[in-house]
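Hi everyone, thanks for making the time. Let me put the model up on the screen and walk you through a few bits of it.

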Amino acid sequence: MTMDFDAEERRIPAETAAMKVPPRNRWQVLLVEYELLDAYLLTLSQRIWTSGLVLIGLSLIGIAFMAVGMDSSREETSSIIGLMAAAASVMAVVWWILQRRLFSMQAVAEFRKREIEREMGMRSEIYLTFLKQGRNLRLRRREAMVKGLAEGDSQLENDLFRFIKTPEARPRFSRLMGERITWGMVPWVLMLSWIMLYLLKTG
(Lines give C-alpha, C1' and ligand atoms only; values in the text may rest on other atoms or scores of the structure.)
Protein backbone atom coordinates (compact mmCIF):
# COMPACT_ATOMS: atom_id res chain seq x y z
CA MET A 1 0.00 0.00 0.00
CA THR A 2 2.81 2.34 0.85
CA MET A 3 4.60 1.53 -2.37
CA ASP A 4 1.46 2.31 -4.38
CA PHE A 5 1.12 5.63 -2.60
CA ASP A 6 4.78 6.50 -3.31
CA ALA A 7 4.37 5.58 -6.96
CA GLU A 8 1.28 7.80 -7.17
CA GLU A 9 3.21 10.67 -5.58
CA ARG A 10 6.01 10.31 -8.14
CA ARG A 11 3.44 10.64 -10.94
CA ILE A 12 2.25 14.04 -9.66
CA PRO A 13 3.52 16.87 -11.91
CA ALA A 14 6.15 19.18 -10.38
CA GLU A 15 3.80 22.19 -10.55
CA THR A 16 1.07 20.34 -8.65
CA ALA A 17 3.56 19.13 -6.04
CA ALA A 18 4.81 22.67 -5.55
CA MET A 19 1.29 23.98 -4.99
CA LYS A 20 0.75 21.35 -2.25
CA VAL A 21 3.55 22.85 -0.17
CA PRO A 22 2.04 24.72 2.81
CA PRO A 23 2.19 28.54 2.36
CA ARG A 24 4.73 29.12 5.14
CA ASN A 25 7.00 26.32 3.93
CA ARG A 26 6.58 27.49 0.32
CA TRP A 27 7.87 30.93 1.26
CA GLN A 28 10.90 29.30 2.86
CA VAL A 29 11.51 27.26 -0.30
CA LEU A 30 11.23 30.40 -2.45
CA LEU A 31 13.65 32.30 -0.21
CA VAL A 32 16.18 29.48 -0.47
CA GLU A 33 15.77 29.41 -4.25
CA TYR A 34 16.17 33.20 -4.36
CA GLU A 35 19.42 32.99 -2.40
CA LEU A 36 20.68 30.21 -4.67
CA LEU A 37 19.90 32.33 -7.73
CA ASP A 38 21.79 35.25 -6.17
CA ALA A 39 24.83 33.02 -5.65
CA TYR A 40 24.50 31.62 -9.17
CA LEU A 41 24.36 35.12 -10.70
CA LEU A 42 27.42 36.13 -8.70
CA THR A 43 29.28 33.06 -9.98
CA LEU A 44 28.34 33.85 -13.59
CA SER A 45 29.45 37.46 -13.19
CA GLN A 46 32.78 36.34 -11.71
CA ARG A 47 33.33 33.96 -14.64
CA ILE A 48 32.66 36.70 -17.17
CA TRP A 49 34.90 39.25 -15.48
CA THR A 50 37.72 36.83 -14.68
CA SER A 51 37.86 35.29 -18.15
CA GLY A 52 37.53 38.71 -19.79
CA LEU A 53 40.35 40.23 -17.75
CA VAL A 54 42.59 37.22 -18.46
CA LEU A 55 41.89 37.55 -22.18
CA ILE A 56 42.59 41.29 -22.16
CA GLY A 57 45.74 40.90 -20.05
CA LEU A 58 47.27 38.15 -22.18
CA SER A 59 46.41 39.99 -25.40
CA LEU A 60 47.96 43.24 -24.23
CA ILE A 61 51.11 41.44 -23.04
CA GLY A 62 51.38 39.69 -26.41
CA ILE A 63 50.85 42.90 -28.37
CA ALA A 64 53.37 44.81 -26.25
CA PHE A 65 55.97 42.03 -26.56
CA MET A 66 55.54 41.79 -30.32
CA ALA A 67 55.65 45.55 -30.75
CA VAL A 68 58.87 45.97 -28.76
CA GLY A 69 60.67 42.67 -29.20
CA MET A 70 60.09 41.88 -32.89
CA ASP A 71 62.36 43.46 -35.50
CA SER A 72 60.29 44.55 -38.49
CA SER A 73 63.27 44.10 -40.81
CA ARG A 74 63.47 40.35 -40.24
CA GLU A 75 61.69 38.14 -42.77
CA GLU A 76 59.98 35.89 -40.22
CA THR A 77 58.47 38.81 -38.27
CA SER A 78 55.36 39.06 -40.44
CA SER A 79 54.77 35.31 -40.26
CA ILE A 80 55.14 35.18 -36.48
CA ILE A 81 52.91 38.19 -35.87
CA GLY A 82 50.36 36.87 -38.36
CA LEU A 83 50.27 33.49 -36.63
CA MET A 84 49.93 35.06 -33.17
CA ALA A 85 47.24 37.46 -34.40
CA ALA A 86 45.25 34.60 -35.91
CA ALA A 87 45.48 32.49 -32.75
CA ALA A 88 44.55 35.44 -30.54
CA SER A 89 41.61 36.31 -32.79
CA VAL A 90 40.25 32.76 -32.66
CA MET A 91 40.53 32.77 -28.86
CA ALA A 92 38.75 36.13 -28.70
CA VAL A 93 35.87 34.89 -30.88
CA VAL A 94 35.53 31.68 -28.82
CA TRP A 95 35.45 33.75 -25.64
CA TRP A 96 32.82 36.05 -27.19
CA ILE A 97 30.60 33.05 -27.95
CA LEU A 98 31.05 31.63 -24.45
CA GLN A 99 30.32 34.92 -22.72
CA ARG A 100 27.13 35.33 -24.76
CA ARG A 101 26.04 31.93 -23.46
CA LEU A 102 26.83 33.03 -19.90
CA PHE A 103 24.78 36.19 -20.39
CA SER A 104 21.87 34.07 -21.66
CA MET A 105 22.07 31.91 -18.52
CA GLN A 106 22.21 35.10 -16.47
CA ALA A 107 19.03 36.38 -18.14
CA VAL A 108 17.19 33.15 -17.27
CA ALA A 109 18.23 33.38 -13.62
CA GLU A 110 17.15 37.04 -13.47
CA PHE A 111 13.77 36.10 -14.99
CA ARG A 112 13.22 33.48 -12.28
CA LYS A 113 14.19 35.99 -9.58
CA ARG A 114 11.54 38.38 -10.90
CA GLU A 115 8.95 35.58 -10.71
CA ILE A 116 9.83 34.92 -7.08
CA GLU A 117 9.76 38.63 -6.25
CA ARG A 118 6.27 39.04 -7.70
CA GLU A 119 5.01 36.11 -5.63
CA MET A 120 6.62 37.37 -2.43
CA GLY A 121 6.06 41.10 -2.96
CA MET A 122 9.73 42.01 -3.39
CA ARG A 123 11.04 44.64 -5.80
CA SER A 124 14.84 44.76 -6.26
CA GLU A 125 15.28 42.54 -9.36
CA ILE A 126 12.23 44.09 -11.05
CA TYR A 127 13.66 47.58 -10.55
CA LEU A 128 17.07 46.45 -11.81
CA THR A 129 15.47 44.92 -14.89
CA PHE A 130 13.75 48.20 -15.69
CA LEU A 131 16.98 50.09 -15.09
CA LYS A 132 18.85 47.83 -17.52
CA GLN A 133 16.25 47.66 -20.28
CA GLY A 134 13.89 50.60 -20.02
CA ARG A 135 16.07 53.62 -19.29
CA ASN A 136 16.82 54.27 -22.98
CA LEU A 137 13.28 53.75 -24.31
CA ARG A 138 10.86 56.47 -25.26
CA LEU A 139 8.10 57.36 -22.84
CA ARG A 140 5.36 55.27 -24.48
CA ARG A 141 7.57 52.19 -24.70
CA ARG A 142 8.68 52.67 -21.10
CA GLU A 143 5.06 52.83 -19.99
CA ALA A 144 4.33 49.62 -21.91
CA MET A 145 7.35 47.97 -20.29
CA VAL A 146 6.19 49.07 -16.83
CA LYS A 147 2.78 47.47 -17.41
CA GLY A 148 4.47 44.30 -18.65
CA LEU A 149 6.70 44.08 -15.58
CA ALA A 150 3.80 44.81 -13.22
CA GLU A 151 1.62 42.05 -14.72
CA GLY A 152 -1.59 43.58 -13.38
CA ASP A 153 -0.17 44.54 -9.97
CA SER A 154 -1.41 48.15 -9.63
CA GLN A 155 0.80 48.89 -6.62
CA LEU A 156 3.94 47.69 -8.42
CA GLU A 157 2.92 49.62 -11.53
CA ASN A 158 2.56 52.85 -9.52
CA ASP A 159 5.90 52.23 -7.82
CA LEU A 160 7.62 51.74 -11.19
CA PHE A 161 6.05 54.92 -12.57
CA ARG A 162 7.39 56.80 -9.55
CA PHE A 163 10.78 55.18 -10.12
CA ILE A 164 10.82 56.50 -13.72
CA LYS A 165 10.77 60.06 -12.40
CA THR A 166 13.79 59.63 -10.14
CA PRO A 167 17.34 60.61 -11.23
CA GLU A 168 18.50 57.02 -10.63
CA ALA A 169 16.31 55.86 -13.52
CA ARG A 170 18.06 58.19 -16.00
CA PRO A 171 21.84 57.63 -15.77
CA ARG A 172 24.12 59.11 -18.43
CA PHE A 173 25.74 56.92 -21.07
CA SER A 174 23.68 54.00 -19.83
CA ARG A 175 23.54 52.07 -23.13
CA LEU A 176 27.19 52.73 -23.99
CA MET A 177 28.41 51.50 -20.60
CA GLY A 178 26.10 48.49 -20.34
CA GLU A 179 27.93 45.37 -19.18
CA ARG A 180 26.89 43.17 -22.08
CA ILE A 181 27.65 45.76 -24.75
CA THR A 182 31.01 46.61 -23.18
CA TRP A 183 32.14 42.98 -22.96
CA GLY A 184 30.78 42.35 -26.46
CA MET A 185 33.12 45.02 -27.85
CA VAL A 186 36.25 43.61 -26.20
CA PRO A 187 37.08 40.79 -28.72
CA TRP A 188 36.68 43.08 -31.72
CA VAL A 189 38.88 45.78 -30.17
CA LEU A 190 41.57 43.19 -29.45
CA MET A 191 41.39 41.79 -32.98
CA LEU A 192 41.66 45.31 -34.40
CA SER A 193 44.73 45.88 -32.22
CA TRP A 194 46.40 42.74 -33.59
CA ILE A 195 45.62 43.82 -37.15
CA MET A 196 47.09 47.28 -36.54
CA LEU A 197 50.22 45.71 -35.06
CA TYR A 198 50.61 43.46 -38.09
CA LEU A 199 50.23 46.38 -40.48
CA LEU A 200 52.71 48.51 -38.53
CA LYS A 201 55.33 45.79 -38.36
CA THR A 202 55.00 44.66 -41.97
CA GLY A 203 54.27 47.98 -43.65
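This is a predicted model: local features need pLDDT of at least 70, side-chain atom pairs count only at pLDDT 80 or more; totals for chains, interfaces and linings use all residues.

Residues are numbered from 1 along each chain as its sequence is written, and side-chain values use heavy atoms, leaving out hydrogens and water.

On burial: buried means under 20% relative accessible area, exposed is over 50%, and partly exposed is in between, using a 1.4 Å probe and protein chains only. Of the chain's 203 residues, 31% count as buried.

Okay, helix packing. Axes are lines fitted to C-alpha atoms, for helices over the stretch in contact, and angles run from 0 to 180 degrees between N-to-C directions. Helix α4, residues 76-120, and helix α8, residues 179-202, have axes that come within 9 Å and cross at roughly 175 degrees. By class, the α4 contact with α8 has 18 nonpolar, eight polar and four charged residues. For the classes, Ala, Val, Leu, Ile, Met, Phe, Trp, Tyr, Cys and Pro are nonpolar, Asp, Glu, Lys and Arg are charged, and the others, Gly among them, are polar.

Now the tryptophans. Rings of Phe, Tyr and Trp (its six-membered ring) pair if their centres lie within 6.5 Å, and planes under 30 degrees apart are stacked, over 60 edge-to-face, the rest tilted. The structure holds three aromatic pairs. In one of them, Trp49 and Trp183 have ring centres 5.1 Å apart and planes at 85 degrees, so the pair is edge-to-face. That pair links distant parts of the chain, with Trp49 in helix α3 and Trp183 in helix α8, 134 residues apart. Buried or partly exposed, what is Trp183? With 5% relative accessibility, Trp183 counts as buried, whereas Trp49 is partly exposed at 42%.

Next, Trp96 and Trp188: their ring centres are 5.4 Å apart and their planes sit at 65 degrees, so that pair is edge-to-face. Trp96 is in helix α4 and Trp188 in helix α8, 92 residues apart. Trp96 is partly exposed at 24%, and Trp188 is partly exposed at 42%. Ring pairs also join Trp49, Trp95 and Trp183 into a cluster.

Staying on α4 for a second, Arg112 is in that helix and is partly exposed at 24% relative accessible area. Its C-alpha is 8.2 Å from that of Leu37, 75 residues apart in sequence.

Last stop, the second largest pocket. Its lining includes Trp95 and Trp194, along with Ser51, Gly62 and Met84, among others. Which helix supplies the largest share of that lining? It's α3, with six residues. By class, the lining has nine nonpolar, three polar and no charged residues.

Key
Helices (H or I, at least four residues) and strands (E, at least two) are DSSP runs, numbered from the N terminus. On a 1 Å grid over the protein atoms alone, a cavity is a set of points where a 1.4 Å probe fits but cannot get out, and a pocket is an open set with protein on both sides within 12 Å along at least five of seven lines; lining residues have an atom within 4 Å of a point.
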